[in-house]
Each structure stands twice: as structure tokens, then as C-alpha cells.
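This report walks through one protein model. It moves from overall figures to selected local features.

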Amino acid sequence: MSLSSRAGGPFFSTPEQRLALARQRFFDEGVRPSGLVSEAVIQSWSRCLQARRHPRERISFEPVTYSRLHGALARHRELLAAASPELERLGQSLAGTRCHALLTGSDGVVIHASRSCAGSQETLMPIAARVGVNLAENVVGTTAPGIVAKTGAACTVSGSEHFFDTVQVMYCAAAPIRDTKGQLAGVLDLSVESQPFGFDAASVVALSAMAIENRLLQAQSEGLLVLHFHTVPSLLDGPFEGLAGVDERGRIAWINANGARIAGTRYGDVETQFGCTLHALLTRVHSSDAAPLTLPNGLSVWIRVCLHTHEGRRGHLLGSAAVREPIAPDVTARPAPTPPPPVATLDEHNRTLVERTLAECGGNISQAARRLGVSRGLIYRRLRNGTAQRD
């Protein structure tokens, strides 16, 4: 007698019963178990079967070769640097749980694995949660990090939703991290063995992934204006803030998911999307305060403008999101007897900022570098380039 016949119908009292029926329908009867498990899991099961894998097949969590691991760590050095502060904070949050936090590259190879306070009952996590282990779907079947690496969409995989029988003691939730090109840069995963999560793991991992993504986007924005905006000023500098990168021509180079939800998903010039000119934004670079701005879509937001001068680090613009005056209108729209010369490009504005700060520091390069939050080498290069252009 089938499980559905014994249970008296398709309605069950526990998630385990629903999963058992889903596996029976899919693996034994060849019926798609829509509504019993997520579409992401069904698609993953299908891909595993198409690859001629079997649920009872024995798998191992062996690390990739040293050369491949070395290459993965080198390729994802920028991601690791951006993720480090959030991974430390996440580790502290998870310290009282049995959960592990894993960061993989876009290829599914683990490049960071946290420790947990788990007891001796763990058997799978000690070998799965190791740097160098490949969690890609084609290696370990249906898992949350494997699905995200394959599809780029956040998901959770619980217990028997895992394709292979030996992995069904796991519960995992994962979320993607994207770069300025919109490509998948990595995957953040929370995993626990032998018990469901005692909290909303999908929300926790999504929040941390957003924080890492925001740091990565800024790290990849040297020479760009980065706009920080939100309808609530207190949410600036947090994972929910909208971010957009603007190049020296006033074009939107990238915009994060929260920014697209607030300002719209159109890509083009900054005036079309934000309703203010590049020069108007440049006048706000020296202010650490947020200012009100009404977007072309009619929504009012608070915005702060930062110029990233070296490896995505802001200059001296790390102040609070205090609310002050509105963004100044473009000075070219209000003729004045002796208008100041406009800054033609972000590069010129960058050099001007360095020279002005250096003058304020009495020519002390080390002091100027500390005030701007950049290296002394950057200041030397700016001065050398500026002298060459003037000559």
C-alpha cells in the first residue's frame, strides 16, 4: 500500500510525512510532487536524475585539490575581504547555536567555514564544513548552497529534500552575493545537522548576504560616486540601504537590489533615475550628512554621496546619517556673476580633494592619508599624475 493510501489522502500532520510522499511520487512513481516541496528542490532533483545520479549513492565531502583551492581563494580574495566583518558578526550571533556559516565561491567551493558549539552527535558537518570542500550540485546533489550556486536564487533545503540519502540529516539555508556586474560572486549558507533551525534561518542568511554584497559593491567602485539612499535615514549604512554607483559621465554603473526597488530598475544617466545632475551630487561629496531628495518616481528619500578613492574605501565620509539641508540644485541652473568652475570629471574631483586635504595638513602626507582613509601611495600617485597633467 502506498504512503498516500495509508495516510488516507494528501494531507499530513507533519512535514516529514509530506516529504516522504513527495519522494515516493517523484522517485518511485515519476510524478511531479508540486506543492509538496519547493520548485527549486524539484528542479534540482530533476537535474540530479538527468546526471544519472541515484539517491542511495554513497557520496563524500572531499576537499578539492590544493592547486584548485589556492586558485579559488585567490579569485575570491575581494569577496573574502568584504565578507570578513559580517562573517565575524554572524559567528558571534550563531555562537549559542549548532549552526555553521559557510561562504562558497560562485563555483560552490567553500572558502570560509565557521565553527559551532555542536556536541559529539555531529558526524557530517565536521567533514562538510571545511575550506576546500566542493558543495556544487553536481558533486553533492541537492543542497541549499548548491542550488544557489546553480540558479542564483535564495533557497532552503531541509532534511529529506536533499537528493542523497546520506545528506538528509542536514538543514540548510543559503542566499546569493552579487558583484557590480550583477554576476554571482559567492553564496552564504547556514547549515545545521540532525535538527531543524530554531529560528528563521532564511531571513538571517539573507540579511547577512545583503550586508556582504553591499560591502563588495563598494569595494569594486574605486573612482565612482556611490549613492547611499533610503526612505528612512536611520537605515543608511545598513543592509537594507539602496546603493548605486555613478561613473564620471554621470551614468549608473550599477545599482543593488534594494536600490532598484526604491529608485526603479532603469539604467541610464543619474539625472533620469535620481532627478539631479552629476555636478549637484558632487557638491554633496564633502558632507557626511544625508539630505532629502525627491526621485523622478515621486518617492522622497534621504541620500548621501561618497567618492571612493582607493579599493572601494570611502574617504572621510564615515559620519552619521544626520538629516540636514536638501541637496543643492545644480549651480548652472542659477546664473551667478562669477560661478565657480565645474568639476569636469570624478578624477579631477578626486585629485582636488587630495590636494585640498594635503594643504589643510600642512603638506604632511601621512596625516592627509589618515584623514582621507587611503594609502600614502595613492596620494603620491595623485600628486604625480596631477603634476604630469599640468606640465
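## Overall figures

The protein has an accessible surface of about 18600 Å², and 53% of that surface belongs to carbon and sulfur atoms. Accessible areas come from the Shrake-Rupley method with a 1.4 Å probe; for residues, only the protein chains shown count as cover. This is a predicted model, in which local features need pLDDT of at least 70, side-chain atom pairs count only at pLDDT 80 or more, and totals for chains, interfaces and linings use all residues. Residues are numbered from 1 along each chain as its sequence is written, and side-chain values use heavy atoms, with hydrogens and water left out.

The protein has 15 helices and eleven strands. Both are DSSP runs numbered from the N terminus: helices are H or I with at least four residues, strands are E with at least two. Of the 391 residues, 48% are buried. Buried means under 20% relative accessible area, exposed over 50%, and partly exposed in between (1.4 Å probe, protein chains only). Among contacts with a separation of 6 or more, 57% join residues 24 or more positions apart. A contact means heavy atoms within 4.5 Å.

## Confidence

The average pLDDT is 83, and 79% of the residues score at least 70. pLDDT is the predictor's confidence in each residue, from 0 to 100. Over residues 4-8 the pLDDT is below 50; this stretch has five contacts beyond near neighbours in sequence. Residues 329-337 also fall below 50, with five such contacts in the model. Where pLDDT is low, the predicted coordinates should not be read in detail.

## Helix 2

Helix 2 covers residues 15-28. Its 14 residues should span 20 Å at 1.5 Å a residue. The expected span is 1.5 Å times one less than the number of residues. The end C-alpha atoms are 19 Å apart, which agrees.

Buried positions in helix 2 are L19, L21, A22, R23, Q24 and F26. G30 follows the helix and has a positive phi, near 70°.

## S221

S221 sits in the loop between helix 9 (201-219) and strand 6 (225-230). S221 counts as buried because its relative accessibility is 0%. Leaving aside neighbours within four places in sequence, S221 contacts T180, V226, W254 and H308.

## A nonpolar surface patch

L207, V232, L235 and F240 form a nonpolar patch on the surface. Together they have about 280 Å² of accessible area. F240 lies in the loop between strand 6 and strand 7 (242-246). With a relative accessible area of 40%, F240 is partly exposed.

Key:
Patches are made of residues with over 30% relative accessible area and no salt bridge: like charges are joined within 9 Å, nonpolar side chains (Val, Leu, Ile, Met, Phe, Trp, Tyr) within 5 Å. A salt bridge is a side-chain nitrogen of Lys or Arg within 4 Å of a carboxyl oxygen of Asp or Glu.
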